[in-house]
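Please look over the sequence and the model below before reading on. The paragraphs that follow walk through some of its parts one after another.

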Amino acid sequence: MTRINIPTAPNEQTVAAVIRQIPALPQGGGWAITAMSSFTNRTYRIERDGAAFILRLPGRGTERYIDRAAEAANARAAYAIGLGAEIIFADPANGIMVTRFVQGAEPLSPARLKSPADLEGTVGLLHRLHTSGLSFQGVMRLYPKMDEYLALAPAPDLLALRREGEKLRLLLEPGWGPSRPCHIDPAPHNFIVAKGRRYLLDWEYSAMCEPLWDLAGLSIEGEFDAGQDRQMLAAYFGREEGAWASRLHLYKIMLRLLAASWGAVQLADGNGPPEIADMVDRLENRVRADLGDPGLSRHIAAA
């Protein structure tokens with residue numbers, strides 16, 4: 001396969017040049033190219049002759065911490081059981097991916113997840129993934145991944161919080177059993193609903209993992225309060241699980257620290273939007289407050 005050059009500052013002309021090099025797409029010009037909202041990657045809706053796709057160009061530096069071959073394999077596995085969008089083209093060598101655009105799709109949001117039906121449907125999708133029996137490529141572990149990010153961007157304040165967070169490691173690392181296939185980035189906008197069917201998009205961090213990662217991530221990104229956390233856990237387990245509320249609280253602390261560490265890498269790489277700096281500060285302050293909370297010992301005892 002000919003290596004496709006990824007433009008450093010894509011525009012409509014350079015994106016069209018990339019499209020022409022992808023053999024799985026109809027050849028020739030006439031593509032309508034629309035930039036989509038994205039964080040670190042560059043994403044475009046491309047359409048011609050009634051066929052629409054999503055083209056993903058990888059963000060700067062992401063090849064250092066994302067396994068693109070694993071992403072493609074896991075995304076195809078998720079599609080095969082009806083959880084994801086169809087993969088039209090994926091080149092692990094450069095991270096370019098094309099998926100079929102899901103017509104009529106509506107992304108979820110923190111506001112929509114206040115609806116019990118949307119919350120239960122979203123949690124049900126994660127439960128279906130975790131219990132699917134799929135064997136994803138790659139393994140994701142919370143503390144080693146955090147250390148990987150902090151090695152790439154050793155921010156002193158985050159390193160200090162990482163040392164303080166070591167006291168939770170023995171509680172969190174054992175998990176609740178064998179690793180399961182997990183999404184790892186279950187932000188509400190990665191869940192879409194089209195014609196009554198739910199899909200989960202963006203599998204670039206997917207791996208075998210502790211399922212609590214996905215639940216904690218959904219809670220953080222969905223801006224859940226304590227009541228929504230209880231609803232989420234009850235929907236997932238099918239019953240009230242009091243101990244998991246404390247375990248979830250502890251996991252959210254360290255997952256916020258991991259997200260801040262990831263954000264520090266984006267800042268070091270000059271990647272992503274300007275809001276990342278504010279995100280890192282906000283997460284860092286929240287983690288510092290949670291680790292210093294006198295009530296932390298109660299959650300440690302309960303977990």
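K145 and E148 are three residues apart in helix α4, which spans residues 142-152, so about one helical turn separates them. In this predicted model, the two residues form a salt bridge, with 3.2 Å between their closest N and O atoms. K145 has a relative accessibility of 9% and therefore counts as buried, because the cut-off for that class is under 20%. E148, in contrast, has a relative accessible area of 28% and is partly exposed.

A second pair can be found in helix α10, which covers residues 275-291. Here E284 and R288 lie four residues apart, about one turn of the helix. Their closest N and O atoms are 2.9 Å apart, and the two residues form a salt bridge. E284 is buried, at 11% relative accessibility, while R288 is partly exposed, at 36% relative accessible area. Salt bridges can also be linked to one another: D147, R162, E166, R169 and E173 are joined into one network by salt bridges that share partners.

Side chains of opposite charge can pair when their charged atoms come close. Another example is the salt bridge between the side chains of R48 and D49, with an N to O distance of 3.2 Å. In total, the structure holds 22 salt bridges.

The next topic is how two helices meet. Helix α7 runs over residues 212-221 and helix α9 over residues 242-269. Their axes come within 9 Å and cross at roughly 75°. Angles from 65 to 115 degrees count as roughly perpendicular, and α7 and α9 are therefore roughly perpendicular to each other. On the α7 side, the residues that meet α9 are L212, W213, L215, A216, G217, S219 and I220. On the α9 side, W244, R247, L248, Y251, K252, L255, R256 and L258 take part. By type, the residues of this contact divide into 10 nonpolar, two polar and three charged.

R247 is buried, with a relative accessibility of 7%. What does the side chain of R247 reach at 2.7 Å? It is the backbone oxygen of L171. Setting aside neighbours within four places in sequence, R247 is in contact with L171, L172, P174, G175, E210, L212 and A303.

The last stop is strand β8, made of residues 191-194, where A194 is placed. A194 counts as buried, at 5% relative accessibility. Which residues does A194 contact, leaving aside its neighbours within four places in sequence? They are V102, Q103, G104, A105 and Y199. A194 also shows how residues separated in sequence can lie in space: A194 and E106 are 88 residues apart along the sequence, and their C-alpha atoms are 6.4 Å apart.

Technical notes: Residues numbered from 1 in each chain as written. Predicted model: local features only at pLDDT ≥ 70, side-chain atom pairs only at ≥ 80, totals over all residues. Heavy atoms only, no water. Axes fitted to C-alpha atoms, helices over the stretch in contact; angles between N-to-C directions. Parallel < 35°, antiparallel > 145°, perpendicular 65-115°, else oblique. Contact = heavy atoms within 4.5 Å. Nonpolar A, V, L, I, M, F, W, Y, C, P; charged D, E, K, R; others polar. Salt bridge = Lys/Arg side-chain N within 4 Å of Asp/Glu carboxyl O. Buried < 20%, exposed > 50% of the residue type's maximum accessible area, 1.4 Å probe, protein only. Polar contact = N/O pair within 3.5 Å; in protein donor to acceptor, adjacent residues only side chain to side chain.
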